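The sequence and the three-dimensional model are shown first, and the description follows.

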Amino acid sequence: MEEIQSQSDNYRSSSSSASSPASRVPSSNFFYLRKPGSIRQPISFEDSPEWDDTTDIDVRVDDGGDSINVATTPASPSLSKLNSGSLPSPHLPEGAVIPRKIAGASVAWKDLTVTIKGKRKYSDKVIKNSTGYALPGTLTVIMGPAKSGKSTLLRAIAGRLLPSARMYGEVFVNGAKSQMPYGSYGYVDRETALIGSLTVREFLYYSALLQLPGFFCQKKSVVEDAIHAMSLGDHANKLIGGHCYMKGLPSGERRLVSIARELVMRPRILFIDEPLYHLDSVSALLMMVTLRRLASTGCTLIVTIYQSSTEVFGLFDRICLLSNGNTLFFGETLACLQHFSNAGFPCPIMQSPSDHFLRAINTDFDRIIAMCKNWQDDNGDFSSVNMDTAVAIRTLEATYKSSADAASVETMILKLTEKEGPALKSKGKASNAIRVAVLTWRSLLVVSREWKYYWLHLILYMLLTLCIGTVFSGLGHSLSSVVTRVAAIFVFVSFCSLLSIAKVPALMKEIKIYACEESNEHSSTFVFLLAQLLSSIPFLFLISITSSLVFYFLVGLVDQFSLLMYFVLNFFMTLLLNEGIMLVVATLWQDVFWSVLTLLCLHVVMMLSAGYFRIRSALPGPVWMYPMSYMAFHTYSIQGLLENEYLGTSFAVGQVRSISGFQALQSVYNISPDINSKWKNLLILFLMAIGYRILVFILLFLLVGRKISLLKCFKCNHRDTIDTS
């Protein structure tokens with residue numbers, strides 16, 4: 001403590017001397033890298049308006065109602081004083097300052113500690129004894145440098161921690177220690193998957209159909225309300241991802257769309273992780289003004305932010321400042337400035353408060369100072385910097401624990417938890433049948449618009465089969481053409497299967513969208529896979545028909561309708577099976593590059609063991625014969641097509657003798673003499689396609705669905721756990 005006090009006093013003395021009129025040399029202004037000779041006079045907190053800590057917030061729970069009334073002053077004190085001239089910020093809408101009955105919910109967390117094994121270098125505690133609250137109609141911000149525990153704290157409050165994390169402490173919703181039911185809250189991750197080929201209105205409408213029960217017509221008003229709440233009216237009919245002649249939505253509007261998706265449920269509490277992620281200053285201000293307006297309607301908003309401009313900072317009601325999992329401050333925004341001033345770190349003039357906070361508590365700045373000291377020693381800019389960030393963090397933490405702000409937080413939490421309010425009610429869900437129908441129709445609409453992954457894919461199939469057909473055209477039906485015809489069928493099946501790998505990015509997008517919807521309970525593994533199967537069948541059948549017709553007649557296979565239909569059905573089943581393999585690999589890797597590389601290797605191995613380069617019966621027993629030749633779908637597809645072409649036919653040998661098609665193929669490819677063997681091969685392809693889909697179901701359930709299930713159990717089992725240490 002003596003070290004903290006000495007360094008803090010040293011910083012106070014240097015700060016006060018720098019701000020005095022007699023000395024304008026900014027010796028202690030380590031906040032900026034300035035050009036030599038530049039002069040900037042810092043401002044102490046005494047130059048700012050006096051902070052009045054007498055604001056009384058009366059939280060009253062109606063016994064007979066389902067809402068909480070929050071009586072406050074007409075405007076947030078921090079906002080009014082920020083707008084007084086000290087820290088300019090944009091004015092709020094008029095509706096935000098009128099006391100009103102709201103349908104939000106109060107959230108309070110007390111002594112919240114989260115441990116994740118191996119997450120921290122020196123400690124498993126990611127969050128350490130955090131305490132705070134959020135009231136209806138307010139915007140509460142969790143701020144801190146990278147890896148300070150912002151997202152973990154947000155997830156802990158929302159009850160969405162991963163199963164590997166363990167939570168201690170208490171979380172209260174309307175004064176009761178209970179989990180938040182479905183539909184009562186919304187959670188927006190930092191990165192959410194959107195469907196670029198849908199318009200904003202279509203995307204939100206399909207989301208409403210997936211989330212809400214009832215008739216289709218009732219969802220339109222909900223969607224329009226969400227569009228209006230997020231100020232997306234000018235973009236409602238624009239494609240999210242754009243198309244070849246039009247750009248997609250900017251990142252700011254995309255972020256608003258992801259938030260609007262959660263507003264469809266009309267949640268009482270909304271958690272948003274990094275709403276300003278990858279946004280410029282204008283988009284960030286628009287985002288926060290929109291969220292501020294949303295909070296004024298009564299919703300309880302809790303968001304995480306890395307840093308913000310002065311204008312954005314003025315829109316916050318309360319701030320929770322974290323560093324390495326420690327709570328350095330919780331309270332009103334302007335009170336945070338007072339806290340830093342009391343600790344000896346006043347915010348300089350012309351500097352954003354959030355920049356000042358992060359400069360003081362972000363240990364990464366120590367490395368920058370160390371690198372720049374020798375570089376600018378001659379100019380004197382860094383020679384007087386003697387404040388260690390670790391010391392500043394300990395000073396701020398110790399100052400906060402002994403401050404009136406911490407005591408007022410404890411008092412407010414006691415007031416919020418002394419009496420249980422109305423419990424949040426769970427909202428109904430759409431049935432699985434409705435969800436399957438909605439996802440299938442949405443996927444078909446996406447297929448019709450995604451020209452890169454689907455229609456271009458169809459054109460490439462046509463060009464490939466046209467090339468193969470012209471190379472192997474005019475073969476005739478003589479005995480000498482058997483070897484070349486087998487080669488043509490092998491090339492057709494193998495190359496078309498390889499070409500289907502180009503669909504991996506589209507499948508990866510579908511999996512990401514499913515994971516996002518599954519995390520918010522908008523879908524399930526079975527619903528997703530069934531809808532994906534139903535929506536892919538028409539497109540795969542279209543490819544099968546067009547490609548088979550081009551190849552069949554160019555090569556000159558047996559001109560018989562029943563044989564042509566079998567050819568189409570066999571090729572369709574091959575494509576369906578191959579898509580199942582792609583789904584398995586994409587689910588395992590969750591990465592386009594490694595998925596494509598793995599699929600290429602698998603296809604090469606299956607082509608080598610399919611029995612064309614060397615007859616299947618002559619393959620080496622270990623590995624190639626067993627199990628690879630039996631696992632390769634090429635084997636059954638090519639066998640079925642050859643049996644379809646040659647069984648029941650004969651070839652003349654000389655003028656007297658003739659041999660059957662089976663005998664003609666014996667030295668080229670192994671097939672069965674049974675006339676029904678081609679249907680057995682088709683059945684094997686069908687069973688393999690079903691088997692791969694079941695494997696995808698298991699993988700998705702283990703990798704995504706099981707996490708959600710364990711998360712629900714985690715909320716039930718650990719919400720009431722108290723840290724006894």
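## A loop residue at the surface

Glutamate 420 is exposed, with a relative accessible area of 57%. Here exposed means over 50% relative accessible area, buried under 20%, and partly exposed in between, with a 1.4 Å probe and protein chains only. Glutamate 420 is found in the loop between α13 (404-417) and α14 (432-449). Helices are DSSP runs of H or I with at least four residues, strands are runs of E with at least two, and the numbering starts from the N terminus.

In sequence, glutamate 420 and asparagine 174 are 246 residues apart, yet their C-alpha atoms are 6.1 Å apart in space. With neighbours within four places in sequence left aside, glutamate 420 is in contact (heavy atoms within 4.5 Å) with Asn174, Gly175 and Ala176.

## The model and its overall make-up

The model is predicted, so that local features need pLDDT of at least 70 and side-chain atom pairs count only at pLDDT 80 or more, while totals for chains, interfaces and linings use all residues. Residues are numbered from 1 along each chain as its sequence is written, and side-chain values use heavy atoms, with hydrogens and water left out.

The protein chain contains 24 helices and 15 strands. Of its 725 residues, 55% are buried. Among contacts with a separation of 6 or more, 76% join residues 24 or more positions apart. The protein chain exposes about 31400 Å², of which carbon and sulfur atoms supply 61%; accessible areas come from the Shrake-Rupley method with a 1.4 Å probe, and for residues only the protein chains shown count as cover.

Helix α6 (residues 251-263) has 13 residues and reaches 19 Å from its first C-alpha to its last, close to the 18 Å expected at 1.5 Å a residue. The expected span is 1.5 Å times one less than the number of residues in the helix. Because 11 of the 13 residues of α6 are buried, this helix is largely enclosed by the rest of the structure. Its buried residues include Gly252, Glu253, Arg255, Leu256 and Val257. Among the elements that cover them are β7 (185-188), α4 (200-211), α5 (219-229), β8 (269-273), α7 (281-296) and α17.

Helix α12 also has 13 residues, and its first and last C-alpha atoms are 18 Å apart, close to the 18 Å expected. In α12, the residues Thr389, Val391, Ala392, Ile393, Thr395, Leu396, Glu397 and Tyr400 are buried.

## Salt bridges

Side chains of opposite charge can pair when their charged atoms come close. The structure holds 14 salt bridges, each defined as a side-chain nitrogen of Lys or Arg within 4 Å of a carboxyl oxygen of Asp or Glu. One of them joins lysine 401 to glutamate 397, with the closest N and O atoms 3.4 Å apart. These two residues are separated by about one helical turn, because they lie 4 residues apart in helix α12 (residues 389-401). Lysine 401 is exposed at 61% relative accessibility, whereas glutamate 397 is buried at 17%.

Another salt bridge brings together the side chains of glutamate 579 and lysine 503 (2.4 Å, N to O). This pair links distant parts of the chain, with glutamate 579 in helix α19 (residues 561-589) and lysine 503 in the loop between α16 (482-499) and α17 (504-519), 76 residues apart. Glutamate 579 is buried at 1% relative accessible area, and lysine 503 is buried at 4%. Lys503, Glu579 and Arg693 are linked in a network of salt bridges. A further salt bridge connects lysine 680 and aspartate 674, whose closest N and O atoms are 3.5 Å apart. Lysine 680 is exposed at 51% relative accessibility, while aspartate 674 is partly exposed at 30%.

## A buried threonine and a hairpin

Threonine 138 lies in the loop between β4 (125-134) and β5 (139-143) and is buried, with a relative accessible area of 11%. Beyond its neighbours within four places in sequence, threonine 138 is in contact with Ala295, Cys299, Thr300, Leu301, Asp317 and Arg318.

Strands β14 (residues 650-653) and β15 (residues 657-660) pair in the antiparallel sense over 4 bridges; pairing requires that DSSP finds at least two bridges between the strands. Valine 653 stands opposite arginine 657 in β15. The hairpin has 3 residues between the strands, and glycine 654 takes a positive phi near 80° there.
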